[in-house]
Amino acid sequence: MEYLILAVSVAMTIVAIWRLPGLRYGDPLRRTLWGCSAGFAISLWTRFPPIREALGLLGVVDFDALVKYLVSIAACLSLLNYSVTSYLLAGDDAPTHIAISRKVARVARRSILVVVPTMLLLFFFAIDRRQPSLDFAADHAGEWGAASFMTCYYLYLGASAWTVAYQWTHVAFRAETVVFRLGLALGAASTWLYTLYAVVRLTYMWIAMLIPTPASADHIVENLGNAFNVLAATLFATGASLPTTNVVADRLRTWRSLWSLHALRRELTETFPDITFQPAGTRLREMTRLTPPLDVRLDGWIQECGDAVNRLRHHASPELWFAAEEAALRYADPEPAAEAHWIKAALVSATRGCRSAVPADPLPEKPFGTASGEAAWLRRVQAVYARIGPQETDELIAEAGMPCWHQQGRCEAHSA
């Protein structure tokens, strides 16, 4: 069980770290989701024996239990706030399950000012803590102070979890996408488990007040509590992570696009340095930049490539496109191959200083509606561009003619 607790604690910590950037923004939805993840992660870590032993060194007996329960209450409040912040409906427009959640959240925010001080007073003055406990609830079963302390906690946990489970169960059936539907279903299952866990532990605490419980029963309840928490946390972490899979996939695609387009963008911006605000660095440097964000950087690169290609029209003869199309016929993907040959030949002419005052015709229009579509096209162009050799380019320029041949005065490179 210890290794399972460790694995789930690490997983929940990863989710909390993944959500950490949400604190930088003014979006309350991101902040509350991070609060849920961080709170549950800390609560799980306090169940891991080495962490419990480290907290025990602080000089307060059962301090790990106090941290676990208070942090869990904060996580419950964040979870409630997240569930009600997710919806912008107000007043009579809000469905019943959302209205109930908002009422419970308001009560929870106000009652925490009473619940937490009460738990602190009970913990320090009403519970016999002369000996450290392995499982706080089980080891103090039968004590009125511990029963009162745990009643405050489990009522708060159970009410919060039930409210969120009730709402997410309703919403899961109406989610627009399969990913969100599955994420909400897992979140609902997690909170239903937390509700059941609160009922089981609270019932056991009060039964122990009336009937002495054997040590074997305490051990079973302890393992059952850990199992409930581990399973519920696993479901919550999975459900919270599923909606971000699309974001992760988009970032990965963007990163791959930047990696692929680096060479093409570098050669174009080195030829026309005034089209970029950020000179191209090495591929490693570009891939490890923290700012600007990946999607913003990709949009900028696409725009820079487009501006550079437009300028290359002054370094391409009118016949260059037709020659490039003919050269591309031997490729399995001829359309981007033709553009790659055109860019390569025009870029060589630009580096040699050959220029025409009259630009060549624009390249054929491509029906791209998104930046990802343009990036995918440029990746196909780059795949061919990287394989074009100097001799092949010189032959293409010789076939199409120099850009300055069709004007009355030759360019500076061919003025002789």
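Predicted model: local features only at pLDDT ≥ 70, side-chain atom pairs only at ≥ 80, totals over all residues.
1. A salt bridge here is a side-chain nitrogen of Lys or Arg within 4 Å of a carboxyl oxygen of Asp or Glu. The pair links distant parts of the chain, 42 residues apart: R352 is in the loop between α14 (334–351) and α15 (371–385), and D394 is in helix α16 (residues 390–400). Helices are DSSP runs of H or I with at least four residues, and strands are runs of E with at least two, numbered from the N terminus. D394 is partly exposed, with a relative accessible area of 35%. Buried means under 20% relative accessible area, exposed means over 50%, and partly exposed lies in between (1.4 Å probe, protein chains only).

2. On the basis of the values: residues are numbered from 1 along each chain as its sequence is written, and side-chain values use heavy atoms, with hydrogens and water left out. Local features need pLDDT of at least 70 and side-chain atom pairs count only at pLDDT 80 or more, while totals for chains, interfaces and linings use all residues.

3. A search of the whole structure finds eight salt bridges. One of them joins E286 and R265, whose closest N and O atoms are 3.6 Å apart.

4. R311 sits in helix α12 (residues 294–311) and D274 in the loop between α10 and α11; the two are 37 residues apart, and the pair links distant parts of the chain. How accessible are the two partners? R311 is partly exposed, at a relative accessible area of 33%, whereas D274 is exposed, at 53%.

5. A232 is a separate matter. This residue lies in helix α9 (residues 215–241) and is buried, with a relative accessible area of 0%. Which residues does A232 touch, leaving aside its neighbours within four places in sequence? A232 is in contact (heavy atoms within 4.5 Å) with S190, L193 and Y194. Between the C-alpha atoms of A232 and R253, which are 21 residues apart along the chain, the separation is 32 Å.
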